[in-house]
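Subject: Structure for you to look at

Dear colleague,

Please read them with the model open beside you.

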Amino acid sequence: VSLLLGRAEAELKNFSPHYRRQYAVAFFRQLYDEMEQQRTVQTQLLKHRQHTEPGKVLYEEVVTHYSAELKKWKERYMLVRADYSLESHENYDTFLNGASPKVRLLPAGGAVLTSEDQYTALADRFFPDPSGVSEESAPPMVSMPDQFPVYLWQPYQKHNYFCFHNADSQKSFAAALRDCIRHQNHDYQKKTKCEVRAFLEAVQFYRQEKGHYGSWEMLIGKDVQVLSNLVMEELLPSLQTELLPKMKGKKNDRKRAWFAIVEDAYNVVKSQVSTGLAALEEECRAATKQQEGLIRSDMDQIINSKNFLAGKLKATVSQPAVKFCMENVQPYLSSILEELMGPISSGFSEIRFLFETEVNKMSKDYQESSSIDNLNKGLGELADLPFTSLKMQPCYRKVDVLCEQLQELRNRFKFSNTDRLVQITQNYMQQIMDNVVHTFEQLLSNSLRGGPSQICSAIEKVKQRVLKQYDYDSSTLRKKLFQEALVEVTMPTMQKSLSPSCKPELQRFEQYIFADYTNFIQVENVYEEMILQTLLSEVDKVVKDAANMKKHNLFVDSIDFPCESQSSLTDSRTPPGSIPASPTKHMVPPIEDANPQAQGNGVPESQDQPSKPEPALPKSPESIVPAKNDQQEPSAVGIDPGITINAESLTVKMASLDIANEVKEEKTQEYAVHKEIQAPDNLKEIRDLITVVRPEDPGDRELDSHVELLEQEESISKEQLRNLESDRPENNEAGEESGTASEK
């Protein structure tokens, strides 16, 4: 035990400096997000369900479960809650009475197996038998009471065994378990809390310090589990060397003993890590709270200091990063994208087909019965569709083939964590299915009036409208997935290759950070952002090219939203109210090019940002939409505020689907004339887009003509007046000189 505690304590001590630095940086970003008014958000057409009760039951079944304590099989009431935890109760009555569950599992990192051979093969992989003797006729580790087993394997933790009387129950439970594993693996990493972002960044830099780049298979679960996995990764080899040769007995007995030792070691490490990490978080929270006033008052100066550092760093990083990217990454991006697009787009198409099939079935059942109760029942089943794991499995299986198709990436880019890519994609598929059924339910709720024919017509219209919204959101989400996947596959290669030449030079750039801001600006973060931006510029081009060629029904970015009046929800168009913004993405304060003169002589002239002039009001409507400059490319230093180091936080430009084809046929006088415009690429285009110009009114032209006519009449009157003056008698009697003067 002392050895385990010492290892855990040492790991925490080495990890803490990284966490402290990244916590201060993450806290600064959080305040920046709060103070920044103009935020780039990803626009979605489908509505997002605001809250799901974490205690809601998604799955329930009476299951035969093996009790390791009793060493016998027991029937238990098992359920899966909305937080994707698995609970085992004595029976249904004790559950209704509010008794605590006998077992509560959080199966992060788990694997679901449905045959004894699969389980035995996986167990052998994690039991490095030093004797090397195989027992061909060895009995199973656990004898099943029936022929439909389910094995839940978890790293460093106790394995669980379940059994069923029929194949349908087995498949349904296995599908529910896979949902739990996916969400337990990755839901924590989607959070935008300061502590989460700091922890993930710290793990990345800590592993890079040890020479490990790229996606890590054990980056799963919450922070305590991830850090415990780090400790166990270092500890396990020494335990194997010290204990395995001393074990005696049959292979299955030695397996059980070894897995029990690993579980005990993991529990000791996890307890120590949990205590130490909680204290570290509290320390960082108190330290940053004291600096909040400084950050808020000096926000502009901190940003300027970061921009100045980026300008200095550019000369060292930009050229080798661009060179390596163009020679070793860019030529392969298109082929990787082709491998990704097929399975992922196929999965999203299956989601669309499943939703349409379920709505058609519900409509047909109602048309035949004309029963509102049946319709409400169908709507309830439709709302549960995203969480009905068995029905969603055909959609998820379309993406599973990525694990096989991306094998070649192991050789060139050393990318092996395809399970992570598959699971994150499947989570997005489940989320968009939840969005589409929620939007359908909201739009239809006010249209359930009239007879069966009117209701069936309303169902069909709402379905078509929601499918159009789904097509756009699916395109947006898939492009985001493609970006994240391409970066996650290729970024580690760039980091590892550039590290020997660039990393040793980073320390000398710390002198360019103002002393009061060294906690909020880290050279290593700016360096990683610059590499990421270099890669993203090429990734964006590849994804845009695929969208321009309409591959797999991808849409080209635009912001052409029809301006619509409030109308019936059963209309086939999309009103403005159905375009909610997605949750705010984690933003990084922008890095701008520093003053070139300051870069040349190495002396900062001024860190005050020049005031930006307000855009002038254009004199003609033609100046509203500027021409897009396709040749403009992002600078290697100009980091987009919506970009972070992690691939999970990547964002795409706001886009929109032009769905005005049917709108033109109805109430054309209620809609404004829209001009299709391209997504803005720079600040000038954004300013021009938000500049308001009053449209020319036909009455203005009539007024101008009238004013011109009055001016002509006035000119004629003045000419006649001059003629009358020249004909007066006193002027005729005057001499030639006085006449000339009068004429003047």
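I begin with Arg285, which is partly exposed, its relative accessible area being 32%. Please keep in mind throughout that this is a predicted model, and that the values below are computed from it.

Salt bridges

Arg285 forms a salt bridge with Glu282, and the closest N and O atoms of the two are 2.7 Å apart. Both residues belong to helix H7, where they are separated by 3 residues, or about one turn of the helix. Glu282 is likewise partly exposed, with a relative accessible area of 46%. This pair belongs to a set of 37 salt bridges found in a search of the whole structure.

Another salt bridge joins the side chains of Glu529 and Lys306, with an N to O distance of 3.5 Å. Because Glu529 lies in helix H16 (residues 523–548) and Lys306 in helix H9 (residues 299–369), this pair ties together parts that are 223 residues apart in sequence. Are these two residues, Glu529 and Lys306, buried or exposed? Both of them are buried.

The side chains of Glu338 and Lys551 also meet in a salt bridge, at 2.4 Å from N to O. Here too distant parts of the chain are linked, since Glu338 is in helix H9 while Lys551 is in the loop between H16 and helix H17 (596–601), 213 residues apart. Glu338 is partly exposed, with a relative accessible area of 36%, and Lys551 is partly exposed as well, with a value of 26%. Elsewhere, salt bridges with shared partners join Arg352, Glu356, Glu460, Lys463 and Asp471 into one network.

Helices H3 and H7

The axes of helix H3 (residues 116–125) and H7 come within 11 Å and cross at roughly 65 degrees, and the crossing in which H3 passes H7 is left-handed. The contact brings Thr120, Ala123 and Asp124 of H3 to Lys251, Lys255 and Phe259 of H7. Of the residues in this contact, 2 are nonpolar, 1 is polar and 3 are charged.

Strand E6 (residues 148–153) is largely enclosed by the rest of the structure, because 6 of its 6 residues are buried. Phe148, Val150 and Leu152 point one way from the strand, whereas Pro149, Tyr151 and Trp153 point the other way, and all are buried.

E6 pairs with strand E5 (residues 111–113) in the antiparallel sense over 3 bridges, and in that pairing Leu113 stands opposite Tyr151 of E6. E6 also runs antiparallel to strand E7 (residues 160–164), to which 5 bridges join it, and the bridge partner of Leu152 in E7 is Asn160. E6 and E7 form a hairpin with 6 residues between them, and in the turn Tyr156 has a positive phi of about 65 degrees.

An exposed loop residue

Finally, Ser100 sits in the loop between helix H2 (92–96) and strand E4 (103–105). Ser100 is exposed, with a relative accessible area of 64%. From Ser100 to Glu90 the C-alpha to C-alpha distance is 9.5 Å, and the two are 10 residues apart in sequence.

With kind regards

Technical notes
Residues numbered from 1 in each chain as written. Predicted model: local features only at pLDDT ≥ 70, side-chain atom pairs only at ≥ 80, totals over all residues. Heavy atoms only, no water. Axes fitted to C-alpha atoms, helices over the stretch in contact; angles between N-to-C directions. Helix = DSSP H or I, 4+ residues; strand = E, 2+ residues; numbered from the N terminus. Left-handed = near helix turned anticlockwise from the far one by under 90°. Contact = heavy atoms within 4.5 Å. Nonpolar A, V, L, I, M, F, W, Y, C, P; charged D, E, K, R; others polar. Salt bridge = Lys/Arg side-chain N within 4 Å of Asp/Glu carboxyl O. Buried < 20%, exposed > 50% of the residue type's maximum accessible area, 1.4 Å probe, protein only. Pairing = 2+ DSSP bridges.
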